[in-house]
Amino acid sequence: MTRILFYLEDYSHDIWREALLKIDPTVEFRSYPDWGSPDDGPAYAFVWEPKPRLLAQYHNIKAIFSLGAGVDHLTRDPALPKDVPIIRMGDDGLKEGMAEFVTMSVLMHHRGMPALLAKQRQKDWGRFFARAARDVRVGILGFGALGQVSAATLLPFGYDVAAWSRTEKLPRNGISLYHGTGSLDAFLARTDILVGLLPSTSETSGLMNSDRLARLPRGASIINAGRGSLVVLDDLVELLHSGHLGAASLDVFPEEPLPMDHALWGLDNVIITPHIAAITRPDTAAEYVLRNIKKLERGETAENQLDMKRGY
Ligand SMILES: NC(=O)c1ccc[n+]([C@@H]2O[C@H](COP(=O)([O-])OP(=O)(O)OC[C@H]3O[C@@H](n4cnc5c(N)ncnc54)[C@H](OP(=O)(O)O)[C@@H]3O)[C@@H](O)[C@H]2O)c1
């Protein structure tokens, strides 16, 4: 029997219980705060933003599954257990959701929707004539699970797609690949629509500051759906004001919700969404978690296991 300790604030836990039990009716689903005693025996944690120090109290936890692809909500816990594997969410639902969001956002920026919506509010018939997709250079920062599926979804539209990662990747048809800090400036210089799909690490925090944003061609757009720490918001606002950047779609922010008095709320050329680019779906996530528990029980490594040294 598999015991799962589930933690998610402000949402019903029933759909998660049902999704897990539908696949394996023998699962013992313990919904926080009903986690029982730390001495109850081996268990797997399946959590989102658990209270700091909670996981450390349950010394029988064999692995921690993050309800999302990001793990910064776990790694900021000063008492996070050190020798327990941490597994990032990597279910197909999450990938499909991100590919949809990135494709929608790229199309919106390519077709000038932020400007057209602003004109609509002014009852202005001013037209925007978009370039052909093949003349639009999309650059994806981060070529992991979500970056790769997003790139593959964009290709059939004809976009000129490039991706940037930390380590070198094998060549892919139709995608120009860049890796490492040394190639970042060249990657930015060839990018009309930048898509942020990077995790939050010490290396990616503040990476898109005014110097780097200024390396994008004049009029470029930026979409950030990875983590808010990537972009220095004051620098972004300045470059949007100066006209160097044309528009932005932001789904993630250094502080969420974005504070009510933030300058970004007032900008016509900015689309703000409340961290909904890709939401973990209970059916596909339950299958993913139970599949990976089986792997761990067999002594294998789980998919998407966090590498603490890399930070993602
Ligand atoms: N907005 C939302 O709703 C939402 C939903 C889900 C996920 N997310 C965010 O999306 C992020 C990406 O998810 P994923 O599943 O694609 O992660 P992933 O599979 O771990 O991929 C991360 C990518 O970032 C690259 N990278 C990391 N550090 C780098 C650095 N210093 N320089 C250059 N490249 C670097 C990695 O390079 P290598 O390939 O060389 O390792 C990899 O290509 C998550 O961490 C999460 O924060 C947001």
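In this predicted model, a polar side-chain atom of T167 lies 2.5 Å from an oxygen atom of the ligand.

| Residue | Part of the residue | Distance to a ligand oxygen atom |
|---|---|---|
| T167 | polar side-chain atom | 2.5 Å |
| K169 | polar side-chain atom | 2.6 Å |
| A277 | polar backbone atom | 3.4 Å |

How much of the ligand does the protein bury? Taken alone, the ligand exposes 930 Å², and the protein buries 93% of that.

**The shell around the ligand**

The ligand is surrounded by 28 residues. The closest are F143, L146, T167, K169 and Y312. Sorted by class, the shell holds 14 nonpolar, 8 polar and 6 charged residues. Helix α6 (145-154) supplies at least two of the shell residues, and so does strand β7 (160-165).

Where does the ligand lie relative to domain 1 and domain 2? Domain 1 covers 3-91 + 280-297, and domain 2 covers 93-272. Both give residues to the shell, so the ligand lies between them.

Strand β9 spans residues 193-196. In a regular strand, side chains alternate between the two faces of the sheet. Here I193 and V195 point one way, while L194 and G196 point the other way. All four are buried.

Strand β9 pairs with strand β6 (residues 137-141) in the parallel sense, over 4 bridges. L194 in β9 is the bridge partner of G139. Strand β9 also pairs with strand β10 (residues 220-224), again in the parallel sense and over 4 bridges. There, G196 stands opposite N224 of β10.

Methods. Residues numbered from 1 in each chain as written. Predicted model: local features only at pLDDT ≥ 70, side-chain atom pairs only at ≥ 80, totals over all residues. Heavy atoms only, no water. Buried < 20%, exposed > 50% of the residue type's maximum accessible area, 1.4 Å probe, protein only. Pairing = 2+ DSSP bridges. Near = heavy atom within 4 Å. Polar contact = N/O pair within 3.5 Å; in protein donor to acceptor, adjacent residues only side chain to side chain. Areas by Shrake-Rupley, 256 points an atom, 1.4 Å probe, with all protein chains shown as cover. Nonpolar A, V, L, I, M, F, W, Y, C, P; charged D, E, K, R; others polar. Domains from an automatic or database assignment.
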